[in-house]
Amino acid sequence: MSNVRTDPDILALEPHALWQIFSAICARPHASGHETELREYIRDFALARGCEVKTDEIGNLLLSKAASNGCEHAKSVVLQAHLDMVTQKNSDLQFDFLIDAIKPIVAGNKVTATGTTLGADNGIGVAAALAVITADNIQHGPLQCLFTVEEETGLFGASALTAEFVNADIMLNLDGEDLREIYIGCAGGARTTVTFEFMPEPVAKNYIGMKVTITGMKGGHSGADINAGRGNAHKELAMFLSQAAENLSIQLSDIHGGNADNAIPRESFVTFALPGNEVEALESFTAGYLKKAIERLGARAPDFKLKVNSTDCPDTVFPAEFQQQLLKAINESPDGVIALSKTVPGLVETSTTLAIITTTANEVTLKSSQRSAINQQRELLSKSLLELWSVYGGIGVIDSEYPGWEPQLESTIITTAVEAYQQELGFKPQPTAIHAGLECGIIGGLNPAMEIISFGPDIDAPHSPDENVDIASVMDFWVVLLEILHKIAT
Ligand SMILES: [Zn+2]
(Lines give C-alpha, C1' and ligand atoms only; values in the text may rest on other atoms or scores of the structure.)
Protein backbone atom coordinates (compact mmCIF):
# COMPACT_ATOMS: atom_id res chain seq x y z
CA MET A 1 0.00 0.00 0.00
CA SER A 2 1.21 3.48 -0.83
CA ASN A 3 1.88 5.76 2.11
CA VAL A 4 0.75 8.78 0.09
CA ARG A 5 -2.66 9.55 1.43
CA THR A 6 -5.38 11.88 0.42
CA ASP A 7 -8.34 12.83 2.57
CA PRO A 8 -10.76 14.00 -0.08
CA ASP A 9 -13.34 15.04 2.47
CA ILE A 10 -10.93 17.08 4.60
CA LEU A 11 -9.25 18.61 1.56
CA ALA A 12 -12.58 19.89 0.29
CA LEU A 13 -13.25 21.90 3.47
CA GLU A 14 -12.83 25.65 3.88
CA PRO A 15 -10.66 27.50 4.74
CA HIS A 16 -8.77 25.58 2.11
CA ALA A 17 -5.15 26.29 3.18
CA LEU A 18 -5.84 25.50 6.85
CA TRP A 19 -7.35 22.08 6.11
CA GLN A 20 -4.60 21.21 3.60
CA ILE A 21 -2.00 21.86 6.29
CA PHE A 22 -4.02 20.02 8.95
CA SER A 23 -4.17 17.00 6.67
CA ALA A 24 -0.38 17.13 6.25
CA ILE A 25 0.01 17.35 10.05
CA CYS A 26 -2.17 14.25 10.52
CA ALA A 27 0.05 12.35 8.07
CA ARG A 28 3.14 12.88 10.27
CA PRO A 29 3.43 11.26 13.69
CA HIS A 30 3.69 13.85 16.47
CA ALA A 31 3.28 12.24 19.87
CA SER A 32 4.74 14.24 22.76
CA GLY A 33 8.53 13.92 22.65
CA HIS A 34 8.40 12.66 19.05
CA GLU A 35 7.74 15.89 17.15
CA THR A 36 10.84 15.79 14.90
CA GLU A 37 9.20 14.61 11.68
CA LEU A 38 6.42 17.16 11.92
CA ARG A 39 8.81 19.95 12.92
CA GLU A 40 11.04 19.26 9.91
CA TYR A 41 8.07 19.23 7.59
CA ILE A 42 6.91 22.61 8.94
CA ARG A 43 10.42 24.07 8.78
CA ASP A 44 10.78 23.13 5.08
CA PHE A 45 7.25 24.30 4.30
CA ALA A 46 7.93 27.70 5.91
CA LEU A 47 11.42 28.14 4.41
CA ALA A 48 10.03 27.46 0.94
CA ARG A 49 7.54 30.27 1.50
CA GLY A 50 9.98 32.93 2.58
CA CYS A 51 9.88 32.67 6.39
CA GLU A 52 12.92 32.84 8.64
CA VAL A 53 13.21 29.76 10.82
CA LYS A 54 14.98 28.89 14.05
CA THR A 55 14.81 26.04 16.55
CA ASP A 56 16.08 25.77 20.11
CA GLU A 57 17.73 22.89 21.93
CA ILE A 58 14.55 21.15 23.09
CA GLY A 59 12.98 21.44 19.62
CA ASN A 60 10.69 24.47 19.81
CA LEU A 61 10.29 26.12 16.41
CA LEU A 62 10.03 29.83 15.65
CA LEU A 63 9.02 31.19 12.23
CA SER A 64 9.29 34.91 11.43
CA LYS A 65 7.95 37.01 8.62
CA ALA A 66 8.21 40.74 7.96
CA ALA A 67 5.09 42.89 8.12
CA SER A 68 2.94 43.22 5.04
CA ASN A 69 3.26 46.50 3.10
CA GLY A 70 2.30 49.53 5.11
CA CYS A 71 2.02 47.62 8.42
CA GLU A 72 5.71 47.83 9.40
CA HIS A 73 5.04 49.96 12.47
CA ALA A 74 2.24 47.84 13.86
CA LYS A 75 2.70 45.89 17.11
CA SER A 76 4.46 42.57 16.61
CA VAL A 77 2.42 39.39 17.08
CA VAL A 78 3.40 35.81 17.84
CA LEU A 79 0.90 33.06 16.99
CA GLN A 80 1.52 30.17 19.38
CA ALA A 81 0.47 26.51 19.37
CA HIS A 82 1.95 23.18 20.46
CA LEU A 83 3.23 20.56 18.02
CA ASP A 84 2.55 17.47 20.11
CA MET A 85 -0.68 15.52 20.56
CA VAL A 86 -2.10 13.13 23.14
CA THR A 87 -2.00 9.51 21.91
CA GLN A 88 -5.13 7.59 22.89
CA LYS A 89 -6.76 4.83 20.87
CA ASN A 90 -9.55 2.32 21.17
CA SER A 91 -8.15 -0.91 22.61
CA ASP A 92 -9.32 -3.04 19.66
CA LEU A 93 -7.40 -0.91 17.12
CA GLN A 94 -3.91 -1.80 15.87
CA PHE A 95 -2.19 1.57 15.72
CA ASP A 96 1.36 2.81 16.38
CA PHE A 97 1.42 6.54 17.10
CA LEU A 98 5.16 6.68 16.35
CA ILE A 99 4.70 5.39 12.79
CA ASP A 100 1.08 5.44 11.64
CA ALA A 101 -0.75 8.43 10.19
CA ILE A 102 -3.87 9.73 11.90
CA LYS A 103 -6.84 9.22 9.57
CA PRO A 104 -9.18 12.20 9.82
CA ILE A 105 -12.70 11.81 8.47
CA VAL A 106 -15.67 14.09 8.06
CA ALA A 107 -18.57 12.85 10.18
CA GLY A 108 -21.57 15.12 9.75
CA ASN A 109 -20.53 18.62 10.82
CA LYS A 110 -17.39 17.39 12.62
CA VAL A 111 -13.97 16.11 11.75
CA THR A 112 -12.84 13.15 13.85
CA ALA A 113 -10.32 10.31 13.57
CA THR A 114 -10.98 6.62 13.22
CA GLY A 115 -10.34 5.05 16.63
CA THR A 116 -7.62 7.46 17.77
CA THR A 117 -7.23 10.95 19.10
CA LEU A 118 -7.42 13.41 16.20
CA GLY A 119 -4.83 15.93 17.33
CA ALA A 120 -7.10 18.88 16.55
CA ASP A 121 -5.65 19.81 19.95
CA ASN A 122 -3.44 21.52 18.80
CA GLY A 123 -3.11 20.65 15.11
CA ILE A 124 -5.85 23.09 14.09
CA GLY A 125 -3.97 25.87 15.92
CA VAL A 126 -0.69 24.95 14.21
CA ALA A 127 -2.45 24.77 10.83
CA ALA A 128 -4.13 28.16 11.31
CA ALA A 129 -0.85 29.85 12.29
CA LEU A 130 1.00 28.30 9.34
CA ALA A 131 -1.80 29.22 6.95
CA VAL A 132 -1.46 32.85 8.09
CA ILE A 133 2.32 33.13 7.96
CA THR A 134 2.67 31.41 4.57
CA ALA A 135 -0.12 33.35 2.85
CA ASP A 136 0.66 36.40 0.73
CA ASN A 137 -2.73 38.11 0.89
CA ILE A 138 -3.21 38.58 4.65
CA GLN A 139 -2.60 41.92 6.30
CA HIS A 140 -0.42 41.73 9.41
CA GLY A 141 2.34 43.53 11.28
CA PRO A 142 5.68 41.85 12.13
CA LEU A 143 4.64 38.24 12.60
CA GLN A 144 6.02 35.10 14.24
CA CYS A 145 4.78 31.57 14.84
CA LEU A 146 5.97 29.76 17.94
CA PHE A 147 5.42 26.00 17.93
CA THR A 148 6.34 24.28 21.19
CA VAL A 149 7.01 20.62 21.98
CA GLU A 150 5.89 18.36 24.85
CA GLU A 151 3.00 20.52 26.02
CA GLU A 152 0.70 17.63 26.86
CA THR A 153 3.19 15.86 29.12
CA GLY A 154 4.06 18.87 31.30
CA LEU A 155 4.57 22.13 29.36
CA PHE A 156 8.22 21.13 28.87
CA GLY A 157 8.79 22.94 25.56
CA ALA A 158 7.39 26.21 26.89
CA SER A 159 9.39 25.83 30.11
CA ALA A 160 12.64 25.60 28.10
CA LEU A 161 12.03 28.84 26.15
CA THR A 162 14.14 31.95 26.70
CA ALA A 163 13.26 35.62 26.32
CA GLU A 164 15.89 35.85 23.54
CA PHE A 165 14.17 33.11 21.52
CA VAL A 166 10.70 34.61 21.47
CA ASN A 167 9.71 38.22 21.93
CA ALA A 168 6.66 40.10 20.67
CA ASP A 169 4.20 42.75 21.82
CA ILE A 170 1.21 40.40 21.60
CA MET A 171 0.80 36.63 21.80
CA LEU A 172 -2.23 34.85 20.39
CA ASN A 173 -2.26 31.32 21.80
CA LEU A 174 -4.37 29.13 19.50
CA ASP A 175 -4.92 26.22 21.92
CA GLY A 176 -8.50 27.08 23.02
CA GLU A 177 -11.25 24.48 22.82
CA ASP A 178 -14.41 26.55 22.94
CA LEU A 179 -15.17 29.19 20.31
CA ARG A 180 -17.31 31.16 22.76
CA GLU A 181 -14.51 31.60 25.31
CA ILE A 182 -11.27 33.52 25.32
CA TYR A 183 -8.77 32.68 28.03
CA ILE A 184 -7.24 35.62 29.83
CA GLY A 185 -5.53 33.93 32.78
CA CYS A 186 -4.19 30.77 34.37
CA ALA A 187 -2.42 29.65 37.52
CA GLY A 188 1.28 29.25 38.11
CA GLY A 189 2.64 26.72 40.54
CA ALA A 190 5.37 25.54 42.87
CA ARG A 191 6.16 22.48 44.93
CA THR A 192 7.22 22.54 48.55
CA THR A 193 8.93 19.55 50.13
CA VAL A 194 9.65 19.30 53.85
CA THR A 195 11.59 16.64 55.72
CA PHE A 196 11.23 15.84 59.43
CA GLU A 197 14.10 13.78 60.78
CA PHE A 198 13.80 11.44 63.79
CA MET A 199 15.75 8.83 65.79
CA PRO A 200 13.67 5.65 65.75
CA GLU A 201 12.86 4.15 69.15
CA PRO A 202 12.24 0.51 70.10
CA VAL A 203 8.69 -0.63 70.85
CA ALA A 204 7.82 -1.61 74.44
CA LYS A 205 7.02 -5.29 75.13
CA ASN A 206 3.27 -5.19 75.75
CA TYR A 207 2.56 -3.26 72.50
CA ILE A 208 0.93 -4.73 69.41
CA GLY A 209 0.83 -3.57 65.78
CA MET A 210 -2.17 -1.73 64.29
CA LYS A 211 -2.86 0.09 61.06
CA VAL A 212 -5.35 2.70 59.90
CA THR A 213 -6.32 3.06 56.25
CA ILE A 214 -8.30 5.94 54.82
CA THR A 215 -9.68 5.19 51.34
CA GLY A 216 -12.54 6.10 49.03
CA MET A 217 -12.07 9.86 48.92
CA LYS A 218 -12.75 11.53 45.57
CA GLY A 219 -9.36 13.09 44.88
CA GLY A 220 -9.02 14.79 41.49
CA HIS A 221 -6.70 17.33 39.92
CA SER A 222 -5.23 19.66 42.51
CA GLY A 223 -5.96 22.65 40.24
CA ALA A 224 -9.13 21.99 38.28
CA ASP A 225 -10.95 20.14 41.09
CA ILE A 226 -9.74 22.06 44.14
CA ASN A 227 -12.92 24.16 44.37
CA ALA A 228 -15.07 21.03 44.89
CA GLY A 229 -13.89 20.76 48.54
CA ARG A 230 -13.49 16.99 48.33
CA GLY A 231 -11.22 16.76 51.34
CA ASN A 232 -7.67 15.47 51.71
CA ALA A 233 -6.95 11.92 52.96
CA HIS A 234 -3.73 12.99 54.75
CA LYS A 235 -5.50 15.74 56.63
CA GLU A 236 -8.25 13.30 57.63
CA LEU A 237 -5.70 10.79 58.87
CA ALA A 238 -3.71 13.33 60.90
CA MET A 239 -6.89 14.66 62.48
CA PHE A 240 -7.98 11.15 63.45
CA LEU A 241 -4.57 10.27 64.88
CA SER A 242 -4.15 13.40 66.96
CA GLN A 243 -7.61 12.99 68.52
CA ALA A 244 -7.06 9.26 69.12
CA ALA A 245 -3.69 10.01 70.74
CA GLU A 246 -5.32 12.28 73.34
CA ASN A 247 -6.48 9.24 75.36
CA LEU A 248 -4.60 6.32 73.84
CA SER A 249 -0.89 5.41 73.88
CA ILE A 250 -0.46 5.44 70.11
CA GLN A 251 3.13 5.27 68.79
CA LEU A 252 3.35 5.92 65.04
CA SER A 253 5.81 3.99 62.96
CA ASP A 254 5.10 4.66 59.27
CA ILE A 255 2.78 7.16 57.61
CA HIS A 256 2.37 7.36 53.85
CA GLY A 257 0.03 7.98 50.92
CA GLY A 258 -0.55 9.94 47.71
CA ASN A 259 1.35 9.30 44.49
CA ALA A 260 1.32 12.49 42.37
CA ASP A 261 2.12 16.04 43.41
CA ASN A 262 -0.67 17.41 41.18
CA ALA A 263 -3.41 15.18 42.59
CA ILE A 264 -5.59 15.57 45.70
CA PRO A 265 -4.78 12.44 47.78
CA ARG A 266 -7.60 9.89 48.01
CA GLU A 267 -5.87 7.46 50.38
CA SER A 268 -3.62 7.66 53.42
CA PHE A 269 -2.10 4.92 55.56
CA VAL A 270 -0.40 4.60 58.93
CA THR A 271 1.12 1.79 60.97
CA PHE A 272 1.51 2.19 64.74
CA ALA A 273 1.99 0.36 68.01
CA LEU A 274 -0.53 0.33 70.87
CA PRO A 275 -0.65 -1.44 74.26
CA GLY A 276 -2.67 -4.65 73.80
CA ASN A 277 -5.14 -3.61 76.49
CA GLU A 278 -6.09 -0.39 74.63
CA VAL A 279 -7.39 -2.08 71.47
CA GLU A 280 -10.99 -2.08 72.65
CA ALA A 281 -10.83 1.60 73.56
CA LEU A 282 -9.36 2.35 70.11
CA GLU A 283 -12.20 0.50 68.42
CA SER A 284 -14.89 2.35 70.30
CA PHE A 285 -13.18 5.71 69.74
CA THR A 286 -12.96 4.90 66.00
CA ALA A 287 -16.66 4.04 65.73
CA GLY A 288 -17.66 7.37 67.28
CA TYR A 289 -15.14 9.33 65.25
CA LEU A 290 -16.16 7.69 61.99
CA LYS A 291 -19.81 8.56 62.46
CA LYS A 292 -18.96 12.25 62.91
CA ALA A 293 -16.47 12.24 60.01
CA ILE A 294 -19.04 10.78 57.60
CA GLU A 295 -21.55 13.42 58.68
CA ARG A 296 -19.00 16.19 58.26
CA LEU A 297 -17.77 15.06 54.81
CA GLY A 298 -21.24 14.20 53.50
CA ALA A 299 -21.69 14.31 49.74
CA ARG A 300 -18.15 15.63 49.24
CA ALA A 301 -16.78 12.14 50.06
CA PRO A 302 -19.69 9.66 49.97
CA ASP A 303 -17.39 6.60 49.80
CA PHE A 304 -15.06 7.70 52.62
CA LYS A 305 -13.73 4.74 54.60
CA LEU A 306 -11.59 4.71 57.73
CA LYS A 307 -10.58 1.23 58.86
CA VAL A 308 -8.55 0.08 61.86
CA ASN A 309 -6.94 -3.37 61.69
CA SER A 310 -4.28 -5.30 63.54
CA THR A 311 -0.98 -5.94 61.77
CA ASP A 312 2.59 -7.07 62.54
CA CYS A 313 4.07 -5.04 65.36
CA PRO A 314 6.58 -2.50 63.96
CA ASP A 315 10.23 -2.82 65.06
CA THR A 316 10.59 0.87 65.84
CA VAL A 317 8.39 3.92 66.37
CA PHE A 318 8.65 7.72 66.26
CA PRO A 319 9.75 9.42 69.51
CA ALA A 320 6.67 10.80 71.35
CA GLU A 321 7.59 14.45 70.90
CA PHE A 322 8.42 14.00 67.21
CA GLN A 323 5.04 12.34 66.64
CA GLN A 324 3.22 15.23 68.30
CA GLN A 325 5.14 17.83 66.28
CA LEU A 326 4.56 15.99 63.01
CA LEU A 327 0.80 15.69 63.56
CA LYS A 328 0.64 19.39 64.47
CA ALA A 329 2.55 20.27 61.30
CA ILE A 330 0.07 18.36 59.16
CA ASN A 331 -3.02 19.51 61.06
CA GLU A 332 -2.04 23.17 60.96
CA SER A 333 -1.09 23.22 57.26
CA PRO A 334 -3.72 25.13 55.27
CA ASP A 335 -5.13 22.96 52.48
CA GLY A 336 -7.48 23.56 49.55
CA VAL A 337 -8.77 26.92 48.31
CA ILE A 338 -6.95 29.87 49.91
CA ALA A 339 -8.41 32.76 47.88
CA LEU A 340 -10.87 33.44 45.08
CA SER A 341 -10.18 35.76 42.15
CA LYS A 342 -11.26 39.38 42.49
CA THR A 343 -11.35 39.65 38.69
CA VAL A 344 -13.06 36.52 37.38
CA PRO A 345 -16.14 35.45 39.42
CA GLY A 346 -15.91 31.90 40.79
CA LEU A 347 -12.28 31.39 39.74
CA VAL A 348 -9.92 30.01 42.39
CA GLU A 349 -6.97 32.38 42.59
CA THR A 350 -4.73 30.59 45.10
CA SER A 351 -4.72 27.07 46.52
CA THR A 352 -2.49 24.49 48.17
CA THR A 353 -2.61 20.70 48.39
CA LEU A 354 -0.71 18.39 50.72
CA ALA A 355 -0.21 15.65 48.13
CA ILE A 356 2.31 13.01 49.22
CA ILE A 357 3.62 11.66 52.55
CA THR A 358 6.45 9.13 52.77
CA THR A 359 8.35 7.60 55.69
CA THR A 360 11.86 6.13 55.63
CA ALA A 361 13.94 4.69 58.48
CA ASN A 362 14.56 8.13 59.99
CA GLU A 363 12.61 10.71 57.96
CA VAL A 364 9.05 11.70 57.18
CA THR A 365 8.65 13.79 54.01
CA LEU A 366 5.64 15.88 52.97
CA LYS A 367 5.24 17.10 49.39
CA SER A 368 2.71 19.81 48.69
CA SER A 369 1.91 22.01 45.72
CA GLN A 370 0.75 25.61 45.56
CA ARG A 371 -1.02 27.30 42.67
CA SER A 372 -1.93 30.91 42.04
CA ALA A 373 -2.61 33.24 39.15
CA ILE A 374 -0.66 35.84 41.16
CA ASN A 375 2.99 34.92 41.55
CA GLN A 376 3.50 36.91 44.72
CA GLN A 377 0.57 35.16 46.44
CA ARG A 378 1.98 31.77 45.53
CA GLU A 379 5.45 32.72 46.76
CA LEU A 380 4.03 34.00 50.06
CA LEU A 381 1.97 30.83 50.52
CA SER A 382 4.90 28.49 49.82
CA LYS A 383 7.13 30.45 52.20
CA SER A 384 4.51 30.53 54.95
CA LEU A 385 4.19 26.73 54.74
CA LEU A 386 7.96 26.35 55.12
CA GLU A 387 7.87 28.67 58.12
CA LEU A 388 5.03 26.73 59.74
CA TRP A 389 6.80 23.41 59.22
CA SER A 390 10.11 24.78 60.51
CA VAL A 391 8.40 25.60 63.84
CA TYR A 392 7.86 21.83 64.17
CA GLY A 393 11.40 20.90 63.13
CA GLY A 394 10.91 20.40 59.39
CA ILE A 395 13.47 21.50 56.82
CA GLY A 396 11.85 22.51 53.55
CA VAL A 397 12.60 23.56 49.99
CA ILE A 398 10.58 25.19 47.22
CA ASP A 399 11.12 23.99 43.64
CA SER A 400 9.40 23.43 40.26
CA GLU A 401 8.20 27.05 40.25
CA TYR A 402 6.45 28.38 37.16
CA PRO A 403 4.67 31.69 36.71
CA GLY A 404 0.94 32.34 36.53
CA TRP A 405 -0.92 34.56 34.11
CA GLU A 406 -2.91 37.08 36.08
CA PRO A 407 -6.29 37.79 34.48
CA GLN A 408 -6.77 41.46 33.55
CA LEU A 409 -10.25 42.16 32.30
CA GLU A 410 -9.08 45.28 30.52
CA SER A 411 -6.25 45.07 28.04
CA THR A 412 -5.95 46.30 24.48
CA ILE A 413 -5.79 42.81 23.04
CA ILE A 414 -8.94 41.68 24.90
CA THR A 415 -10.84 44.72 23.63
CA THR A 416 -9.55 44.07 20.10
CA ALA A 417 -10.51 40.39 20.21
CA VAL A 418 -13.99 41.08 21.61
CA GLU A 419 -14.60 43.64 18.85
CA ALA A 420 -13.45 41.15 16.21
CA TYR A 421 -15.81 38.45 17.53
CA GLN A 422 -18.70 40.88 17.71
CA GLN A 423 -18.09 42.20 14.21
CA GLU A 424 -17.42 38.87 12.46
CA LEU A 425 -19.52 36.38 14.46
CA GLY A 426 -22.13 38.58 16.10
CA PHE A 427 -21.42 37.61 19.72
CA LYS A 428 -19.07 38.54 22.54
CA PRO A 429 -16.78 35.75 23.77
CA GLN A 430 -16.70 35.00 27.49
CA PRO A 431 -13.38 36.01 29.09
CA THR A 432 -12.36 33.09 31.27
CA ALA A 433 -9.42 31.71 33.24
CA ILE A 434 -8.43 28.38 34.77
CA HIS A 435 -6.76 27.36 38.02
CA ALA A 436 -4.15 25.19 36.27
CA GLY A 437 -1.04 25.77 34.18
CA LEU A 438 -1.07 26.86 30.53
CA GLU A 439 1.80 27.63 28.18
CA CYS A 440 0.61 31.26 28.21
CA GLY A 441 1.63 31.66 31.86
CA ILE A 442 5.13 30.37 31.24
CA ILE A 443 5.75 32.25 28.00
CA GLY A 444 4.22 35.43 29.43
CA GLY A 445 6.58 35.07 32.38
CA LEU A 446 9.52 35.63 29.99
CA ASN A 447 8.16 39.01 28.98
CA PRO A 448 5.64 40.48 31.44
CA ALA A 449 4.82 43.35 29.05
CA MET A 450 3.51 40.93 26.39
CA GLU A 451 -0.29 41.00 26.02
CA ILE A 452 -1.79 37.52 25.68
CA ILE A 453 -5.09 35.85 24.89
CA SER A 454 -5.91 32.23 24.08
CA PHE A 455 -8.77 31.04 21.88
CA GLY A 456 -9.69 28.33 19.40
CA PRO A 457 -12.45 26.40 17.62
CA ASP A 458 -14.90 23.97 19.29
CA ILE A 459 -13.01 20.78 20.15
CA ASP A 460 -14.94 18.07 21.98
CA ALA A 461 -13.50 15.16 23.97
CA PRO A 462 -9.84 16.15 23.51
CA HIS A 463 -7.32 13.56 24.76
CA SER A 464 -9.71 10.69 23.90
CA PRO A 465 -10.42 8.61 20.76
CA ASP A 466 -13.71 10.53 20.52
CA GLU A 467 -11.89 13.82 19.96
CA ASN A 468 -13.60 15.88 17.26
CA VAL A 469 -13.61 19.43 15.95
CA ASP A 470 -16.64 21.32 14.70
CA ILE A 471 -16.09 22.29 11.05
CA ALA A 472 -18.08 25.53 11.10
CA SER A 473 -16.25 26.66 14.25
CA VAL A 474 -12.89 26.27 12.47
CA MET A 475 -14.06 28.76 9.82
CA ASP A 476 -15.33 31.13 12.56
CA PHE A 477 -12.04 30.80 14.44
CA TRP A 478 -10.09 31.54 11.23
CA VAL A 479 -12.19 34.60 10.37
CA VAL A 480 -11.78 36.01 13.89
CA LEU A 481 -8.03 35.35 13.85
CA LEU A 482 -7.62 37.27 10.58
CA GLU A 483 -9.74 40.16 11.85
CA ILE A 484 -7.72 40.39 15.09
CA LEU A 485 -4.49 40.53 13.03
CA HIS A 486 -6.06 43.12 10.74
CA LYS A 487 -7.11 45.30 13.69
CA ILE A 488 -3.64 45.10 15.25
CA ALA A 489 -1.97 45.94 11.93
CA THR A 490 -4.04 48.97 11.03
ZN1 LIG B 1 -3.62 21.64 23.67
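Let's start with a loop: Ala-461 sits between strand E22 (459-460) and strand E23 (468-470), where helices (H or I, at least four residues) and strands (E, at least two) are DSSP runs, numbered from the N terminus. Ala-461 has a phi near 50 degrees, a positive value in a residue other than glycine.

A word on the source: this is a predicted model, in which local features need pLDDT of at least 70, side-chain atom pairs count only at pLDDT 80 or more, and totals for chains, interfaces and linings use all residues. Residues are numbered from 1 along each chain as its sequence is written, and side-chain values use heavy atoms, leaving out hydrogens and water.

| Cis peptide bond | Omega |
|---|---|
| Glu-14 to Pro-15 | about 0 degrees |
| Asp-121 to Asn-122 | near 15 degrees |

Pro-15 belongs to the loop between helix H1 (8-11) and H2, while Asn-122 is part of helix H4 (residues 120-133).

Helix H2 (residues 16-26) holds both Trp-19 and Phe-22, 3 residues apart, about one turn of the helix. The search of the whole structure finds 12 aromatic pairs, a pair being rings of Phe, Tyr and Trp (its six-membered ring) with centres within 6.5 Å; planes under 30 degrees apart count as stacked, over 60 as edge-to-face and the rest as tilted. Trp-19 and Phe-22 make an edge-to-face pair, at 5.8 Å centre to centre and with 90 degrees between the planes.

Now to the domains. The assignment, whose bounds come from an automatic or database source, gives domain 1 (8-187 + 406-489) and domain 2 (189-402). Their centres, taken over C-alpha atoms, are 41 Å apart. Domain 1 brings 12 residues to the contact and domain 2 brings 17 residues, with contact meaning heavy atoms within 4.5 Å.

How much area is buried between domain 1 and domain 2? The value is about 1100 Å², and carbon and sulfur atoms give 70% of it; buried area is the accessible area (1.4 Å probe) that two parts lose on being put together, summed over both. On the domain 1 side, Ala-187, Pro-407 and His-435 lose the most area to domain 2, together 52% of what that side buries.

The interface has 0 salt bridges, defined as a side-chain nitrogen of Lys or Arg within 4 Å of a carboxyl oxygen of Asp or Glu. Strand E8 (181-186) and strand E20 (430-434) each supply at least two residues of the domain 1 side that touches domain 2.
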